[in-house]
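Q: I have a structure open and would like to go through it piece by piece. Can we start with the strands?

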Amino acid sequence: MIDFAWFWMLLALPLPWLVHRLLPPVEDAAGAALRTPFLDELDGLPNARRNTGTPTARLWTAALAWTLLVVAAARPVWLGEPIEQAVSGRDLLLAVDLSGSMEMQDFILEGKPVDRLTATQAVAGQFIERRVGDRLGLILFGERAYLQAPLTFDRKTVETLLDEAAIGLAGDKTAIGDAIGLAVKRLRDNPAGQRVLILLSDGANTAGTVAPLQAADLAARAGLKIYTIGIGADEMVLRDPFFGNRRVNPSKDLDEPTMRGIAEKTGGRYFRARDMAEFEEIYRLLDQLEPVERDKRYYRPHTELYPWPLGAALLVTTGLGMWMSRGRP
């Protein structure tokens, strides 16, 4: 259907008629000109140019041009079919560890060993794409915590900023408590509703000014639910040309009791991601624990149509000018 963005502009349609009716006519000065007796004889010559348009035809043409201009000024738009848009009302922050230990290559992605950050980017990126209707934000932390992306419905931008994150960007240490404190600060003044933080780390709190469990208490009082994910394999084979292969635990520095305590204090849940399969399953569980769709809203796409009547008005005006000029000697 067609609608007008500036419908009130249509009130200008009778303006020329009102001007004609209310303002006094311009006096014709033709009577004051000198009369040339033989001009009447010139009009009878075969090649004499005459005005080919009647006043009525010119009047209607001018009225058409004016109508088209007014319609263009009213900004006609074509409204498409309503499109459903899910809106959850949830504010969801991702806090990703960028400390030096995240460069450990103990995950297998597409048959190749990758570091923990690359695995996180691959799985979390798919999770972000599915969160239609949530306002998403991104916190990156190492020795300090930084808000990389404020809360937004623009999931593509959040995913891009996560993909551009680099290990060591925020320092080599791990400030888990500061990351939680930053999330509390960013969500504290937002309207009441579901507030969620998903925190990923592969180590223990080794930096920052706030202890993780103390920050968790603040989060609980602010109504922030925290899901924590401990990432890293339990076992890894290292090849040594002198001593042979040996098995090590690359996640020996992971502070699982603290990560579990953070989740319990805030009503969340702790997960353990040892490989890509577990990682992907965790995010599927998060989709179930925090469903995306809460209510539905509809919007109608619109296409501006004003260039069409505007272009037609210019063509009519140009044609009218050429038509009237034909009657001039």
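Q: In E15, what is the bridge partner of Trp78?
A: The partner of Trp78 in E15 is Thr303. This is a predicted model.

Q: How do E2 and strand E15 pair, and over how many bridges?
A: E2 and E15 (residues 302–304) pair in the antiparallel sense, over 3 bridges.

Q: And strand E1, in which sense does E1 pair with E2?
A: Antiparallel, over 3 bridges. E1 covers residues 2–4 and E2 covers residues 76–79. Within that pairing, Asp3 has Val77 in E2 as its bridge partner.

Q: Where do side chains point in a regular strand?
A: As a general rule, they alternate between the two faces of the sheet.

Q: New topic. How many residues has the largest nonpolar core?
A: It has 34 residues. Those with the most contacts inside this core are Val96, Leu138, Ile198, Ile229, Phe279, Tyr283 and Leu286.

Q: Which helices and strands each supply at least two residues of this core?
A: The helices are H4 (116–130), H5 (155–163) and H9 (276–289). The strands are E4 (91–97), E7 (135–141), E9 (195–201), E10 (224–231) and E13 (270–273).

Q: Which one gives the most?
A: H4, with 6 residues.

Q: What does Ile229 touch, leaving out residues up to four places away in sequence?
A: Its contacts include Ile198, Leu199, Leu200, Met259, Phe271, Phe279, Tyr283 and Leu286. Ser201 is also among them.

Q: OK, pockets. What volume has the largest pocket?
A: About 330 Å³.

Q: Which helices each supply at least two residues of its lining?
A: Helix H1 (15–22) and helix H3 (55–73). The largest share, 6 residues, comes from H3.

Q: Which residues line the largest pocket?
A: Including Leu13, Pro14, Trp17, His20, Leu59, Trp60, Trp66 and Thr67.

Q: How many of the lining residues are nonpolar, polar or charged?
A: The lining has 9 nonpolar and 2 polar residues, and no charged ones.

Q: Last one: is Lys156 buried or exposed, and why?
A: Lys156 counts as exposed because its relative accessibility is 58%, and exposed means over 50%. Lys156 lies in helix H5.

Q: What distance separates the C-alpha atoms of Lys156 and Glu129?
A: They are separated by 7.5 Å, with the two residues 27 residues apart along the chain.

How values were computed: Residues are numbered from 1 along each chain as its sequence is written. This is a predicted model: local features need pLDDT of at least 70, side-chain atom pairs count only at pLDDT 80 or more; totals for chains, interfaces and linings use all residues. Side-chain values use heavy atoms; hydrogens and water are left out. Two strands pair if DSSP finds at least two bridges between them. Helices (H or I, at least four residues) and strands (E, at least two) are DSSP runs, numbered from the N terminus. A nonpolar core is a set of buried Ala, Val, Leu, Ile, Met, Phe, Trp, Tyr and Cys residues joined through side-chain atoms within 4.5 Å. Buried means under 20% relative accessible area, exposed over 50%, partly exposed in between (1.4 Å probe, protein chains only). Contact means heavy atoms within 4.5 Å. On a 1 Å grid over the protein atoms alone, a cavity is a set of points where a 1.4 Å probe fits but cannot get out, and a pocket is an open set with protein on both sides within 12 Å along at least five of seven lines; lining residues have an atom within 4 Å of a point. Grid points are joined across faces, edges and corners, and a volume is the space filled by probe spheres set on the points. Ala, Val, Leu, Ile, Met, Phe, Trp, Tyr, Cys and Pro count as nonpolar, Asp, Glu, Lys and Arg as charged, and the others, Gly among them, as polar.
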